[in-house]
Amino acid sequence: MIDILFLGVGAFALVVGIWRAVRARRTGAGAGLAVSLIALGAAFCFLANRAQRFESEIYPSLGRLLSNLATMVAAYGIGLTVAEISGTRDRGRRTRLVALGVALALLVVMFFSTPDLPRGIGLFDELYRTHPTLVVYVFTYTVYLGLAVIDIGIVAAVTIRASGGALRAGLALLLLASAFAIAYLAGKVVATIHALQADHPAKALCRGPFSTLPCALDVGFPAVSVLLIVLGLTIPAIPGLAAGRRDARTLRLLRPLRAHLTRRYPEIVRIDPGGPSRRERLLTAMSETNDGLILAGATPDLPPAAAARLVRDLPDEPEETPPPTTAAEPFAADVARLRAIARAYRELEGSAPPER
């Protein structure tokens, strides 16, 4: 059950992170979010029991180290992403990066300085009293994550007041995820202190993620927190994804009308075909189509069907015509008008033109 939960949440985070990485490469935005999601997915995949047993064959308890390092990188990336959403990305960015580097280096040094690490599942409860390096290890990990989670929660709480819609819903989920993460870290501190005080500390084995309160704090709460973080960082992107699909449909609808107008009036073609985003390419196509309609004499007050017939009946040979002047239209109205003309043009495209 624990393996299914960890691998399921990890795979979900990896898929969403890879999707965001592809989108970030195309649009140039959201790279930090992609890194965060991929790191979270990797952390949970490393932490699954079967994965840990395989990783321990390479080096004892290696899976525990890899998952902890990935979790810290993810916390750093999530903090940057939330700061970017709130408009405070550059505030304390260097401090966050230095803190991450120091914490990662300290974790690696303490881990490989510890002898007799257990193979299989990396549980250190029995070793805290005899291995001070592990105490420094868990203290560094807990303090860094605690400060990062508190920072994320504060920024999300401040930003949620001025947000709305999908962004507000995403920030609310991030706040809830921060609460689960703080509960997990508090449970980890209590468990470490208890292991240091006990004469014969025993391994805390869990039959399920919520079988007992310690298991819920150590296993269930981190999984729920990661799932909420993935959802909280994904939901605000849904409106942009829907707008991108609408832009794609508009581009496809405009293609025949724009192709006919650019053949008839080659001078309307832009030297720059458009920017990296679909919205920029749509704006270029709309500008070219508008220029062609103006040259064809299709004024904004002309009904879409009449404008489509006018474009269809244009002679094939380019000719010099002085472009009339017309007032600029708002983007939404311009999109609606061009879509209507393009749709009417498509309907007329298959029919034969009347005899002149």
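Predicted model: local features only at pLDDT ≥ 70, side-chain atom pairs only at ≥ 80, totals over all residues.

Reader: What makes up the secondary structure of the protein?

Author: The protein has 12 helices and zero strands. Read from the N terminus, the elements run α-α-α-α-α-α-α-α-α-α-α-α. Of its 356 residues, 45% count as buried.

Reader: Which residues does the UniProt annotation "transmembrane region" cover?

Author: The UniProt record, an unreviewed entry, gives that annotation to several spans, including residues 6-22 and 219-242. In the model, residues 6-22 are 100% helix, with end C-alpha atoms 24 Å apart. Residues 219-242 are 88% helix and 0% strand, and their end C-alpha atoms lie 35 Å apart.

Reader: How do you know that the span of helix H2 is close to the expected one?

Author: The expected span is 1.5 Å times one less than the number of residues. Helix H2, residues 31-47, has 17 residues, and the expected value is 24 Å. From its first C-alpha to its last, H2 reaches 24 Å, close to that expectation. Among the buried residues of H2 are Leu33, Leu37, Leu40, Phe44 and Leu47.

Reader: Which members of the largest nonpolar core touch the most other members?

Author: They are Leu40, Ile78, Ile229 and Leu233, in a core of 29 residues. Helices H1, H2, H4, H6, H7 and H8 each supply at least two residues of this core. The largest share, seven residues, comes from H8. A second, separate core has 28 residues and includes Leu107, Met110, Tyr128 and Phe221.

Reader: With which residues is Leu40 in contact, leaving aside its neighbours within four places in sequence?

Author: Leu40 is in contact with Ala13, Ala74, Ile78, Val226 and Ile229. Across the protein, among contacts between residues at least 6 apart in sequence, 76% join residues at least 24 apart.

Reader: Why is Asn68 called buried?

Author: Buried means under 20% relative accessible area. Asn68 has a relative accessible area of 6%, and therefore it counts as buried. Asn68 is found in helix H4. Apart from neighbours within four places in sequence, Asn68 is in contact with Leu107, Tyr137 and Tyr141.

Reader: Why is the pair of Tyr59 and Phe111 called tilted?

Author: The count of aromatic pairs is five. Rings pair if their centres lie within 6.5 Å; planes under 30 degrees apart count as stacked, over 60 as edge-to-face and the rest as tilted. The ring centres of Tyr59 and Phe111 are 5.9 Å apart and their planes are at 45 degrees, so the pair is tilted. The two residues are 52 residues apart: Tyr59 is in the loop between helices H3 and H4, and Phe111 is in helix H5.

Reader: What makes the pair of Phe111 and Phe112 edge-to-face?

Author: The edge-to-face class requires planes over 60 degrees apart. For Phe111 and Phe112 the angle is 90 degrees, at 5.1 Å centre to centre, and the pair is edge-to-face. Ring pairs link Tyr59, Phe111, Phe112 and Tyr137 into a cluster.

Technical notes:
Residues numbered from 1 in each chain as written. Heavy atoms only, no water. Helix = DSSP H or I, 4+ residues; strand = E, 2+ residues; numbered from the N terminus. Buried < 20%, exposed > 50% of the residue type's maximum accessible area, 1.4 Å probe, protein only. Core = buried A, V, L, I, M, F, W, Y, C linked by side-chain atoms within 4.5 Å. Contact = heavy atoms within 4.5 Å. UniProt positions renumbered as here; feature names shortened; annotations may be inferred. Phe/Tyr/Trp six-rings, centres within 6.5 Å; stacked < 30°, edge-to-face > 60°.
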